[in-house]
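Here is a protein model to explore together.

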Amino acid sequence: MERRNFLQKALGSVLAIIQASRLLGNSEACTTGHDDEGPYFKAGAPFRKNIAVDYSGKDAETLTLQGRVFGACDQLELEKAEIDLWHAHPSGDYDMDGFICRGRQNSDGDGRYQFQTLMPARYPGRPLHLHMKVTMPGYKTLTTQVYFANDTQRKRDYLFRRNKGADRSIGTKKTRNLHKTA
Ligand SMILES: [Fe+2]
């Protein structure tokens, strides 16, 4: 079977709004660019929608990441694609002992997925970002990083700049929702 590329669109917003205009267009414009996996990927993350439910650190802003997965060639939505999301938690560290701010889920019949999590903190040398790996039998795996369009630190980042033409930044609409810890 010919291996095909993913067309993967993600939007992060605490209000979880999909902007339909960002989901349409030709494949050249919408194909999500690849990015480094980085040193903190950890296989075997649990399947769940809220990947920060076990976070007990300082209060943090909540984040909803919502997107769709399409085949890059035919642009048809892909059901049951596996989306593996991981990122630094609000204290700036990756959880290498457990699975805080790590989780997987499968896209639904419209190719959609939605994660509940917390805004990551910047760690030295990197802008705000999330890591994502999308897999599906018969398709080439997409490993990418999701950036935030309003983050001015992106332009100083080597990983972002070397492939800045690739569409992998998302818009956000912030509220004052806070994850409160006991
Ligand atoms: Fe990272």
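The questions and answers below go from the overall fold to one strand and its partners.

Q: How many helices and strands does the secondary structure of the protein come to?
A: Keep in mind that this is a predicted model. Along the sequence, the elements run β-α-β-β-β-β-β-β-α-β-β. The total comes to 2 helices and 9 strands.

Q: Among contacts between residues at least 6 apart in sequence, what percentage join residues at least 24 apart?
A: Contacts here are counted when C-beta atoms lie within 7 Å. Of those between residues at least 6 apart in the sequence, the share joining residues at least 24 apart is 76%.

Q: How many residues of strand 7 are buried?
A: For the protein as a whole, with its 182 residues, the buried part is 36%. Strand 7 spans residues 142-148 and is mostly covered. Of its 7 residues, the number buried is 6.

Q: Which residue in strand 7 stands opposite valine 134?
A: Strand 6, residues 129-135, pairs with strand 7 in the antiparallel sense over 6 bridges. The hairpin they form has 6 residues between the strands, and glycine 138 there takes a positive phi near 90°. Opposite valine 134 stands leucine 142.

Q: Which residue in strand 8 is the bridge partner of tyrosine 147?
A: Strand 7 also pairs with strand 8, residues 169-170. That pairing is in the parallel sense and has 2 bridges. Tyrosine 147 has as its bridge partner in strand 8 serine 169.

Definitions and conventions: Residues numbered from 1 in each chain as written. Predicted model: local features only at pLDDT ≥ 70, side-chain atom pairs only at ≥ 80, totals over all residues. Helix = DSSP H or I, 4+ residues; strand = E, 2+ residues; numbered from the N terminus. Buried ≥ 20, exposed ≤ 12 C-beta atoms within 10 Å, placed from the backbone. Contact = placed C-beta atoms within 7 Å. Pairing = 2+ DSSP bridges.
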